[in-house]
Amino acid sequence: MEFTRHIDTSGLAENAGTDLMVFWNLNHFCDYRCEYCFCGKEKLSAEHPDVGKHSAERIFEAFTRTGKTWQIHMSGGEPFLYPGFVELCQKLTEKHCISINTNFSTSNVFNFADTVKREKVFFINAGLHIAEREKNKSALDEFIRRVLYFQDKGFNIDVGYLTYPPLLERMAKDIGHLRDKGVKLLNAKVFRGFYAGRRYPGAYTDTEREIIKKYTLDVREIDIIDKKMNFFGSLCGTGMKYFRMDPAGNLFRCSSSFKSYGNLFDGTYSPDTVYAPCPVLNCDCPYEGLRYAKNEKGSYGSVCREALAELAAIPRRGITIKKILRHIRKRLTLNSENSEL
Ligand code: SF4
Ligand code: SF4
């Protein structure tokens, strides 16, 4: 069997080509407590107050009135715990395409597989989160059963294995086990964050790098482990073709930029019309930069304008010195980033 991670578009609807993409963190709540999670326990325990505020119809209308077709990538928290999540996906896929990051822990995934148009689902990334899975005796077998169910129905589903340093020594065995059970797509995802006071991926040894490269099926992971993700000054299509959205519908340029693009749900969405230079020194979610940053620098004036706009946007996000210090302290202990497109 050949193991590759590619989006098989052959089964997607003819009109599945999308104009725009949004990465929607639609909720905060999650039933898992992975020690590498970037959300933090407080956030994972209390749902965001805006979750469930808008009906599926209203959310669908908000995307549709932009006049564009969207790829709506949903992540959390755990998206399948969003109230009426399957119904929301059924509605959104009447026109738009979706993709999902999930821990696949809930039984409503079967209803999703049976009722959501497979040809409007770009991909599903199911995180293995082995330590959480092993807290319950049958959870791993159930996870595999669910992945195979989706696989058999023709969904593009891949299992993500985060290369968190304490997991590296068991990664080959875990991946081998899932492959033996028939799971086709398993992808080692590079851990980005701090562990034992060391910053990763920079702290991986050469041997560890080689192991990770052997088990990653996505070329972007190789770039992430080998290169510095700094696109400062490069023209980037985020803000024009791609947005990050919070549970309340507020749109931002990307994971790293605080620049606001209005609110999708209240109809104040207002995108850029041209590529703009990257205004930050570190691309926090390199999947975004690797996809949207061009190998071309903006003019000196446009770089200064974007950098100043970025600084001006910080207070609008409610960022205070206290919050920045708390964020740094958290990251210096155990935090990581694990979002993916
Ligand atoms: S990493 Fe994902 S599954 Fe794990 S606690 Fe965070 S949101 Fe939940
Ligand atoms: S390169 Fe990265 S940080 Fe910069 S604007 Fe693009 S996505 Fe954001």
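Biologist: How do you know that strand β5 is joined to β6, and in which sense do they run?

Modeller: Strand β5 (residues 157–162) and β6 are linked by 4 bridges and run parallel. Two strands pair if DSSP finds at least two bridges between them, so with 4 bridges β5 and β6 count as paired. Within this pairing, G160 stands opposite N187, and the bridge partner of L162 is K189. This is a predicted model, in which local features need pLDDT of at least 70 and side-chain atom pairs count only at pLDDT 80 or more, whereas totals for chains, interfaces and linings use all residues. Residues are numbered from 1 along each chain as its sequence is written, while chains are lettered from A and ligands numbered from 1 in the order in which they are written.

Biologist: Which strand is joined to β5 by 4 bridges and runs parallel to it, and what residues does that strand hold?

Modeller: That strand is β4 (residues 121–127). Its residue N125 stands opposite D158 in β5.

Biologist: Why is β5 called largely enclosed?

Modeller: A residue is buried if 20 or more other C-beta atoms lie within 10 Å of its own, exposed if 12 or fewer, and partly exposed in between, with C-beta atoms placed from the backbone. In β5, 6 of the 6 residues are buried, so the strand is largely enclosed by the rest of the structure. Both of its faces are covered, with I157, V159 and Y161 buried on one side and D158, G160 and L162 on the other. In strand β6 (residues 186–189), L186 and A188 point one way, N187 and K189 point the other way, and all are buried.

Biologist: What makes β5, helix α7 and β6 a β-α-β unit of a given hand?

Modeller: Helix α7 (residues 168–180) forms the unit with β5 and β6, and the unit is right-handed. A crossover has that hand if, with the strands pointing away from the viewer, the path from the first strand over the helix to the second runs clockwise. Helices (H or I, at least four residues) and strands (E, at least two) are DSSP runs, numbered from the N terminus. The chain has 12 helices and 15 strands.

Biologist: Why do β13 and β14 stand at the edges of their sheet?

Modeller: The open sheet has 3 strands in the order β13-β9-β14, with antiparallel pairing. β13 (276–277) and β14 (293–297) each have a single partner strand, so one side of each lacks a neighbour in the sheet. Strand β9 (residues 234–236) pairs with β13 over 2 bridges in the antiparallel sense, and L235 stands opposite P277 in β13.

Biologist: How do you know that the buried residues of α2 line one face?

Modeller: In helix α2 (residues 56–64), I59, F60 and F63 are buried. Seen down the axis, they fall within an arc of 100°, so they line one face of the helix; the arc is that of the directions from the helix axis to the C-beta atoms. The face turned away carries the exposed residues E57 and R58. The buried residues of α2 pack against β2 (70–75) and α3 (85–92), where contact requires C-beta atoms, placed from the backbone, within 7 Å.

Biologist: What puts the buried residues of α9 on the same side?

Modeller: The buried residues of helix α9 (residues 219–226) are E221, I224 and I225. They cover an arc of only 95° around the axis, which places them on the same side of α9. These residues pack against β6, α8 (206–215) and α10, while V219 and D226 are exposed on the face turned away.

Biologist: Why does S299 count as exposed?

Modeller: S299 has 11 C-beta neighbours inside 10 Å, and therefore counts as exposed. S299 is found in the loop between β14 and α11 (300–313). S299 and G233 are 66 residues apart in sequence and 8.2 Å apart in space, C-alpha to C-alpha.

Biologist: Which residues come nearest to ligand 2, and which helix gives the largest share of its shell?

Modeller: Ligand 2 has 14 residues around it, of which C236, C254, C278, C283 and G289 come nearest; a residue is near a molecule if its C-beta atom, placed from the backbone, lies within 6 Å of it. Helix α10 (residues 286–292) supplies the largest share of the shell, 3 residues.

Biologist: Which of the residues that surround ligand 1 are the closest?

Modeller: Ligand 1 is surrounded by 14 residues, and the closest are C30, Y32, C34, C37 and N103.

Note on methods: Contact = placed C-beta atoms within 7 Å.
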